Amino acid sequence: MIAIENVTKIYGEGKSAFRALDDVSVTIKDNEFFTLLGPSGCGKTTLLRTIAGFVDPSSGSIRLGGKDILQSPPYKRPVNTVFQNYALFPHMTVAQNIAFGLEMLGKPKREVKATVEEMLELVRMTPMADRQTGQISGGQQQRVALARALAPRPQVLLLDEPLSALDFKLRKDMQLELKRLQTETGITFVFVTHDQEEALTMSDRIAVMNAGKIRQIGGARDIYDQPAERFVADFIGDTNFLDVEVLEITGDAARVRLAGGAETTARGAAEAGTGMGAATLATRPEHARLVPVGQGVMEGLLSQVVYFGTDTHYHVTLSDGAAFTLRQQNTPDMAHAFTQGDRVGIHLAPGVGQLLKD
Amino acid sequence: MSDLSAARTATERRNRWLLLSPALLILIFAAAGPLLIVVVYSFLTPGDYGGVKPEFSWNAWFSVVMERDFFTEELTFADAHLSIFWRSLKLSLMTTVAAFVFGFPTAYFIATRPKRSRDAWMLLIMIPFWTNLLIRTFAIMELIRAEGTVNTLLLWLGIIDAPIQMLFTEFSIMLGMVYVYLPLMVLPIYASMERFDFSLVEAGYDLYATRWKVLTKVIFPLVKPGVIAGSILVFVPCLGAYVTPRVLGGGKNLMLGNLIELQFGQGRNWPLGAALSLTLLAIVMVALLFYVRAAGQEGEKSHG
Amino acid sequence: MAKPFDIRKQTGFTPLAILCFVLLYLPIILLVVYSFNAGSSIALWEGFSLRWYASAWENEAVQAATIRSVVIASAASALATTAAVLAALATTRVKPWRGQGAVFAMINQPLMVPEIVTAVSLLIFFAMIKVQTGYTGLWYLILAHAAFCIPFAYMPIRARLQGMDLTLEQAASDLYATPWQTFRRITLPQLFPGILAGAMLAFVISLDDVVITEFVKSAGQDTLPTYMLGQLRRNITPEVNAISTALLAASIILVVAFFFLSRTRK
């Protein structure tokens, strides 16, 4: 278990001081695939490097299995990192790279050899063992970096955007591979990425970060369906933001009036802490449906239709001028139900929109 | 800052000075330190058989530009010194200009070769530079002396009937210095040209510029930092040149370096030599300062 | 079809550049050619012979100067390279620190101060020490050479270090290597081509030095270049060409090796 408490990192001094981490607290459980997700500069890599020992926090504490690790230099921390650029030692072979950590730990030669073979097997690189690291492809380098970091059996594996240098297809394969490795080894993975899809598909839990703070922690479904605030809703997936008026609150549910006057229900009232009156409602494009005028809760002009193969995006200009996007699966029967320039109605699934604190 | 970071910073600082100490010690002992002694010497009185007497005197500095007539005690400018200063400046400037005239097209030529062969061309420029300066000067001397290759060839062809005196002239010094320092002009110009984006030249032609206009309005302004660097790199060692004027100038055409050396023989004026050295150093520093400022401005421009 | 428009062409540049290359090499080539002259002229060719090499080889002054040159260059480049490696480690890939500008100025000082000025200052300084200690050995020359070799050794080492991936060392540290193990197993092997390049450059620079050696040397401490400078006052024979050619060959081999070393990609 990694317990991160009130960690703050300030770069520079005085006016130019920059808070890379702002009072971050989070607990990462054992055997968890934990993802730090956020835009570049949000502090996710700084947090990872703080755990690894390459960044000294200005204040706060990090404990690993109950032991304070901040006093230890990186080479005394039982955590290993998969670096963004892999950082494979260019003057060593694949096998020598994987053996490095074990040798540094002073493991006996036979054990090192056995573990290296096991690791090569694990990442399916056995035939490449004696290649120089410059002679293998990007995907293979990635797997060697993984094997090298896993070989010493760390308590925690830190992964710093390890897939960002791979092309699309390879990235998909490696996502599955990473998940498999995590399940097989039972090691805690802390994974840093700015790619929401990567985060959603692999993680047990995700921490969404922005401006040095953790904005929301939860499972993929929680974060996508029930974003805690506007930043999270906006960063993860596409979201329509509507100005609404809250009429009635029952527990977490609320009855709200839309700009056009129609009413619908939403959730998140308790968490967002909204009172009566003006609020923001977030809805996902796939949670709305186009309907003939008069049948929906809102109306507008269909300004653009963009065909995406599996689905179609509809951009609607609402009566009050706001933009609204819908996404609908393409099925053979409804392919051309609406065309650009039509006046359309919009149906919102009741109870799925999320009220936000702003 | 946390205690941890503070402790690490302190260790880092101690290690840094520890690592630097061998280099700094050698440099202080055999490069920078002795310069301070030169300053002291320039304010002392010459000894009877070389060296100095520990008596304070402005005379050395005074003698750099002025002289007192031995009989009439009349003050006049030290023409001998001034003419050597003037020759040093003049020859250095002319050498710089000549090096530019040859060096710029050469750098351009190399920068426009295919990427793979550029390094080889640059190696061709650098090989002579890293070979012994004395040998290269000596090669020039063999070429132009009275019984040297050029005169022998011209005599044999019947173009002249007596050897032309080229050696031991200002021309021969300049020729030697251009030859010796040319790579220092080519190197920085090439460095800035290699980064030059030739699509800008295409844009220039597209917008109706002639070849000359493209050269002067597009290429030259963008490689100017390299030209300035090259000019300083040639000008500065020319000012302090010692070997080339000694070998090719033949004792009559002294430059500053030789004038300085002359002060350090037996029964010579060491304080005056020290003062002359510092004068040379000051001129060089002014040139370098000019260079740093020019380079700094160019840097700001490209950032802003 | 008309010739395509070459955007890179500038009238007259190519001939000037070619002329430049020719002029750069012609004197050296002539120098080398006449070192094989059978006659004693450096302009009239009288047939091929190795007699001047033989005479240089048998010349005891040349032998002594050669040995002295190699001893000084070896010792000075070893000192300068060691000092430069340590200095480069201290000054590269670190946050800006107080005194940084002064240290850089110090390291590069031999490149900025005219050689004649350094030579004069060393003459004065070492004369004082000689009077005080009575020691007149080779160490004055070795230390003087080491000092002006430091920036030349420092440059390629620092360049190599700067080009080195910082994350490699972090990776090593992450994999339980102590700072010393990281240096020994990761930094040093990576740095090696730079160190070799720096050492070779320092060696060449020391081997070629004339001015500082001329001023610092005690009686009977001629190196090859100062010996040759002394010979120029006399009647020149191709023996000087032969010595020059040998020195040239040594320098060129080292410089070409340096060139390929410093090009080795990480």
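Analyst: Two residues are in contact if their C-beta atoms, placed from the backbone, lie within 7 Å. By that rule, the contact between chain B and chain C takes 66 residues from chain B and 67 residues from chain C. This is a predicted model, in which local features need pLDDT of at least 70 and side-chain atom pairs count only at pLDDT 80 or more, while totals for chains, interfaces and linings use all residues. Residues are numbered from 1 along each chain as its sequence is written, and chains are lettered from A and ligands numbered from 1 in the order in which they are written.

On the chain B side of this contact, the largest share is given by helix 1 of chain B (residues 3-41), which supplies 17 residues; helices (H or I, at least four residues) and strands (E, at least two) are DSSP runs, numbered from the N terminus. Sorted by class, the side of chain B that touches chain C holds 48 nonpolar residues, eleven polar ones and seven charged ones, where Ala, Val, Leu, Ile, Met, Phe, Trp, Tyr, Cys and Pro count as nonpolar, Asp, Glu, Lys and Arg as charged, and the others, Gly among them, as polar.

Chain B itself is assigned domain 1 (3-68) and domain 2 (79-262), with bounds that come from an automatic or database domain assignment. Between the C-alpha centres of domain 1 and domain 2 of chain B there are 33 Å.

The next part is a nonpolar core, a set of buried Ala, Val, Leu, Ile, Met, Phe, Trp, Tyr and Cys residues joined through C-beta atoms within 7 Å. A residue is buried if 20 or more other C-beta atoms lie within 10 Å of its own, exposed if 12 or fewer, and partly exposed in between. The largest nonpolar core has 160 residues, and C:A84, C:A146, C:I150 and C:A153 are those with the most contacts inside it. Helix 6 of chain C (residues 139-163) gives the most to this core, namely 16 residues, while domain 1 and domain 2 of chain B each contribute at least three residues. Leaving aside residues up to four places away in sequence, C:A84 touches B:A23 as well as C:I150, C:A153, C:Y154, C:I157 and C:G198. Apart from this core lies another one, of 101 residues, and among them are A:L21, A:C42, A:V82 and A:M174.

Chain A also meets chain C, with 17 residues of chain A in contact with 16 residues of chain C. On the chain A side, strand 6 (79-82) and helix 2 (94-104) are the elements that give two or more residues, and helix 2 of chain A gives the most, with three residues. This side of chain A is made up of twelve nonpolar and five polar residues, with no charged ones.

Within chain A, the division is into domain 1 (2-230) and domain 2 (238-356), whose C-alpha centres lie 39 Å apart. Their contact takes five residues from domain 1 of chain A and six residues from domain 2 of chain A; the five on the domain 1 side divide into two nonpolar, one polar and two charged.

Finally, back in chain C, helix 5 (residues 115-133) includes C:Q132, which counts as exposed because it has 8 C-beta neighbours inside 10 Å. From C-alpha to C-alpha, C:Q132 and C:L122 are 15 Å apart in space, and they are ten residues apart in sequence.
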